[in-house]
Amino acid sequence: MRRYLTALLVAVAALSVVTAAPASAADRVVTDYQDPLTALPPVSRPPTPHCAVTAMQHVFANSYGQPYVGTLTPPAECAGPWTKVVLSWTGKSQGRQYDRLAGLWIGGAEVLRTSTPEPDPSGITWSFDRDITEFSPLLHQPQPFVVDLGNVVNDTYTGPYDITVTITYYQADRAHPAPKQADTVVPLAADASKPGWQDLAAGKNYTAQVTVPANTAKLTAEIYARGGGCEEFWWSNVPDSLVQANPSAGLCGGGAYREVEVTVDGRPAGVVSPYSVIYTGGVAPMLWRPITAIDSIVTLPYTIDLSPFIGLLTDGKPHTVQLIPPKGIVDLWTLGGNLFATTDPHVKRVTGTLLQDIVPDADVRTTTNGTGLDNKVVTHVQRSWRTTGVLHTSAGFVPVNSTGQWTFDNTTTLADSGAKQTTDQRVLGNYGTNGFDFSLTADVTQHIVDDNNYRIDATVHQGRRLWTVGGGPAALSVDTIDTSGGFGRTNGVLSYADGQSSERWSGLADTGRFYSHDIDTAHGYVTRDVHFG
């Protein structure tokens with residue numbers, strides 16, 4: 001919520017008509033809440049012999065620029081092949097602390113991105129699992145193990161983050177074979193012993209030199225992307241012209257549309273539309289206590305098929321892959337990722353030709369209707385791109401293509417001289433056979449006098465629907481969160497801190513079976529928790 005409160009505190013002098021709303025007799029002050037949780041399905045565990053390794057147990061206190069660096073060594077008694085490898089993350093914190101961004105790398109490959117819940121005075125514990133089987137090619141040998149979680153502990157922000165990471169290796173057998181997957185992981189990080197992400201401002205790109213196997217027959221990129229500062233709330237940002245016309249209002253500019261581009265040797269290779277992640281302190285902290293926002297804890301990467309470019313990359317020489325942050329951003333974006341190569345064992349080299357790389361600039365259409373801080377901003381983007389090629393493999397000539405298309409619609413309204421802001425956004429599209437439907441509605445009302453007298457009320461709806469049709473195992477998930485609440489202070493004393501929320505997840509779990517999970521909460525505690533499957 002720092003984006004809203006900080007912005008409006010700057011604008012207090014300009015918004016003299018705004019006064020702090022009096023506390024209601026029904027207002028609650030909730031200072032402790034249940035441990036964070038989500039409705040996501042559990043990662044399944046196969047019934048095969050397995051070994052667990054504690055990869056890290058570390059406390060992140062004053063840890064900016066001080067990542068954990070260790071070595072991950074596979075257990076000799078579970079040498080593989082593996083049917084599954086599961087990473088488990090458990091965190092503990094007590095006191096007062098901001099939400100913090102964290103990343104984890106094995107052998108230079110980013111295998112996890114997450115952010116932390118904000119603790120309460122009595123302390124919280126949270127945990128989640130991530131299936132990292134796709135990184136098995138790196139895991140058979142000892143590898144640098146790096147975790148970056150920048151944090152600050154002082155008299156005000158008192159909560160260190162105590163993090164434990166374990167890796168469990170499940171041996172394959174006849175009934176549970178090793179899965180078919182890419183057999184080479186190519187990290188984009190330049191140094192496997194350091195964090196592999198980069199914080200990028202407008203005009204700065206993530207540039208990596210990579211060499212792929214000469215017999216690569218399929219190549220995909222997995223990209224992680226998060227905005228920081230004003231860019232945490234990019235979905236509510238307004239055009240630069242509105243910011244410039246109201247310099248004292250503390251508005252964030254750059255407009256409301258964002259995309260991240262990938263290039264190969266300077267040629268456009270594809271674009272992804274990022275999800276509107278809200279950190280656990282975003283908008284109003286009690287919105288996310290205890291249910292955390294979609295994608296905030298278990299962050300999913302975005303995938304682009306780079307196979308049309310294979311013919312340019314298999315000559316044994318280093319080539320340049322760039323990740324380009326969204327155009328016109330007003331703060332930093334943190335980008336990183338990896339390449340996954342599936343090789344053809346029957347040839348020494350796969351050759352090919354890139355036939356098309358049609359990735360035009362986005363046509364962002366924005367209209368404004370209003371004056372000053374009472375304004376309605378409508379943004380529409382109809383986006384599509386395509387790359388095609390042909391490969392010469394042991395199976396002969398194989399056509400390959402990569403596509404993306406989506407419709408982006410965002411309506412953001414400022415009212416009551418900027419004290420009220422509503423955003424309604426939807427992104428609907430696909431990358432080839434992988435479809436996505438992202439929805440977000442946020443309604444925020446702020447009454448600010450100064451940093452000792454204010455009140456913020458908000459309701460947020462988040463939705464993420466993902467599906468796969470053809471091209472592999474069927475996949476489907478529908479995740480929705482509806483939450484409301486707020487907080488405030490009167491004469492410096494906390495007079496309002498409360499919220500209620502619900503999450504519904506349904507779809508196919510990683511076993512292929514249907515799973516559903518419904519959670520309701522009020523005043524920081526679960527009131528209903530039902531799951532099936």
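This report describes selected local features of a predicted model.

## Basis of the values

The model is predicted, so local features need pLDDT of at least 70 and side-chain atom pairs count only at pLDDT 80 or more, while totals for chains, interfaces and linings use all residues. Residues are numbered from 1 along each chain as its sequence is written, and side-chain values use heavy atoms, with hydrogens and water left out.

## A four-stranded sheet

Four strands form an open sheet in the order E2-E7-E4-E5, and their pairing is antiparallel. Strands (E, at least two residues) and helices (H or I, at least four) are DSSP runs numbered from the N terminus; two strands pair if DSSP finds at least two bridges between them. Strand E2 (68–72) and strand E5 (109–115) are the edge strands, each with a single partner strand, so one side of each has no neighbour in the sheet. From one strand to the next, the twist averages 15 degrees. Here axes are lines fitted to C-alpha atoms (for helices, over the stretch in contact), and angles run from 0 to 180 degrees between N-to-C directions.

Five bridges connect E2 with strand E7 (residues 143–149) in the antiparallel sense. Tyr-68 is placed opposite Val-147 in E7.

## The hairpin of E13 and E14

Strand E13 (residues 260–264) pairs with E14 in the antiparallel sense, also over five bridges. Val-260 stands opposite Val-272 in E14. The hairpin has two residues between its strands, and Asp-265 takes a positive phi near 50 degrees in this hairpin.

Most residues other than glycine have a negative phi, and most peptide bonds are trans. The bond from Gly-80 to Pro-81 is cis, with omega near 5 degrees; Pro-81 lies in the loop between E2 and strand E3 (82–93). The bond from Arg-289 to Pro-290 is also cis, with omega near 10 degrees, and Pro-290 is in the loop between strand E14 (267–272) and strand E15 (302–305).

Asp-416 has a positive phi, near 50 degrees, and is not a glycine. Asp-416 belongs to the loop between strand E21 (396–415) and strand E22 (420–431). Its relative accessibility is 51%, so Asp-416 counts as exposed. The classes are buried (under 20% relative accessible area), exposed (over 50%) and partly exposed (in between), with a 1.4 Å probe and protein chains only. His-523 also has a positive phi, of about 55 degrees, and sits in the loop between strand E27 (514–522) and strand E28 (525–532). At 29% relative accessibility, His-523 is partly exposed.

## Buried charges without a salt bridge

Asp-344 lies in the loop between strand E17 (333–343) and strand E18 (351–358). Asp-344 is buried but has no salt bridge, and the nearest side chain of opposite charge, Arg-349, is 12 Å away. A salt bridge is a side-chain nitrogen of Lys or Arg within 4 Å of a carboxyl oxygen of Asp or Glu; Lys and Arg count as positive and Asp and Glu as negative, while His and the chain ends are not counted. The side chain of Asp-344 does make a polar contact with that of Ser-394, at 2.8 Å. A polar contact is a pair of N or O atoms within 3.5 Å; within protein, one must be able to donate a hydrogen and the other to accept it, and residues adjacent in sequence count only if both atoms are side-chain atoms.

Arg-100, in the loop between E3 and strand E4 (101–106), is likewise buried without a salt bridge, with Asp-99 as the nearest side chain of opposite charge at 6.6 Å. Polar contacts join the side chain of Arg-100 to the side chains of Gln-97, at 2.7 Å, and Asn-151, at 3.0 Å.

## Salt bridges

The count comes to 20 salt bridges. Arg-113 and Glu-110 form one of them, with the closest N and O atoms 2.8 Å apart. Arg-113 is buried at 0% relative accessibility, and Glu-110 is buried with a relative accessible area of 0%.

Arg-383 and Glu-259 also meet in a salt bridge (2.8 Å, N to O). This pair links distant parts of the chain, 124 residues apart: Arg-383 is in strand E20 (residues 374–393), and Glu-259 is in the loop between helix H3 (240–245) and E13. Both Arg-383 and Glu-259 are buried.
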